[in-house]
Amino acid sequence: HPEPVFGATAWHDITLPVLRQYLDRRSAKTQGNREMALLSIIWGKARLWGMTALPWPAAGVKNWKNEEQAREFEVTDALFDAVYQQADRVLRDCMDIATATGMRLTDARTVRMPMDGKLRFRAGKTGKWAFFEVAQSPVLAALVQRREAMKAYSVMLLTTDTGRQVSARMLRDRYDEARDKAALANPKLATEIRAMYLRDMRKRAADLADDVEQASKLLQHSSTKVTKVH
């Protein structure tokens, strides 16, 4: 929108109607909800640090954000293969790590090389620890073997061809390029390919699990109910 909702404003000027106005103007409705959640956290910190004594304007108010619907998407073998074929080695390795382990992208990008045959990582979002036996996954085993043959400065499992750590921007650019090429090469699947995100590899990992309990354990969910929703 040409006129921003927020500008140089005082804490007392940010009211619930103003927050709602932002959501109305925001084109990406779900992302707008996430931004309000972040603003709520910032507001709480501001109260803690004495920047304001005002309560969060939406405290105690239900259903004030945009309605959301769970996104339903299945990463089929055809969709996965279409992008995988167009991906470079770095992107393929990332797709393999996420699909084999169910890791979130940040964790797949920053997980360290295995010790004693085990991948160990602490989920950036939840703080939970997870362990994976590399030998139990042919995909991981082959990936680790290739990685051990590289001269890398980074201690991360996922590295560039020059042995450097892979950034989020590197992955995003690589995926966008591979997805565009895959869509052009597979016109019948183009719409579905363009709707698939790199983070959907975590969903694919869950779909490949034997049952919902195994998927829940893989994704480190607190219960199978959470897994079913996802």
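Modeller: Ile42 is partly exposed, with a relative accessibility of 43%, since buried means under 20% relative accessible area, exposed means over 50% and partly exposed lies in between (1.4 Å probe, protein chains only). This is a predicted model, in which local features need pLDDT of at least 70 and side-chain atom pairs count only at pLDDT 80 or more, while totals for chains, interfaces and linings use all residues. Residues are numbered from 1 along each chain as its sequence is written, and side-chain values use heavy atoms, with hydrogens and water left out.

Ile42 sits in helix 2, where helices (DSSP runs of H or I, at least four residues) and strands (runs of E, at least two) are numbered from the N terminus. Together with Leu38 and Ile41, Ile42 forms a nonpolar patch on the surface that has about 290 Å² of accessible area. Such areas come from the Shrake-Rupley method with a 1.4 Å probe, and for residues only the protein chains shown count as cover. A patch takes residues with over 30% relative accessible area and no salt bridge, joining like charges within 9 Å and nonpolar side chains (Val, Leu, Ile, Met, Phe, Trp, Tyr) within 5 Å; a salt bridge is a side-chain nitrogen of Lys or Arg within 4 Å of a carboxyl oxygen of Asp or Glu.

The loop between helix 2 (29-48) and helix 3 (77-86) contains Asn63, which is exposed at a relative accessible area of 80%. Asn63 has a positive phi of about 55 degrees although it is not a glycine. Most residues other than glycine have a negative phi. Asp116, in the loop between helix 5 (105-110) and strand 1 (118-122), likewise has a positive phi of about 55 degrees without being a glycine, and Asp116 is exposed at 72% relative accessibility.

Strand 1 pairs with strand 2 (residues 129-133) in the antiparallel sense over five bridges, pairing being called when DSSP finds at least two bridges. Arg122 stands opposite Trp129 of strand 2, and the hairpin has six residues between its strands, with Gly127 taking a positive phi near 80 degrees.

Over the whole chain there are 11 helices and two strands, and 36% of the 230 residues count as buried. The chain exposes about 14400 Å², of which carbon and sulfur atoms supply 52%.
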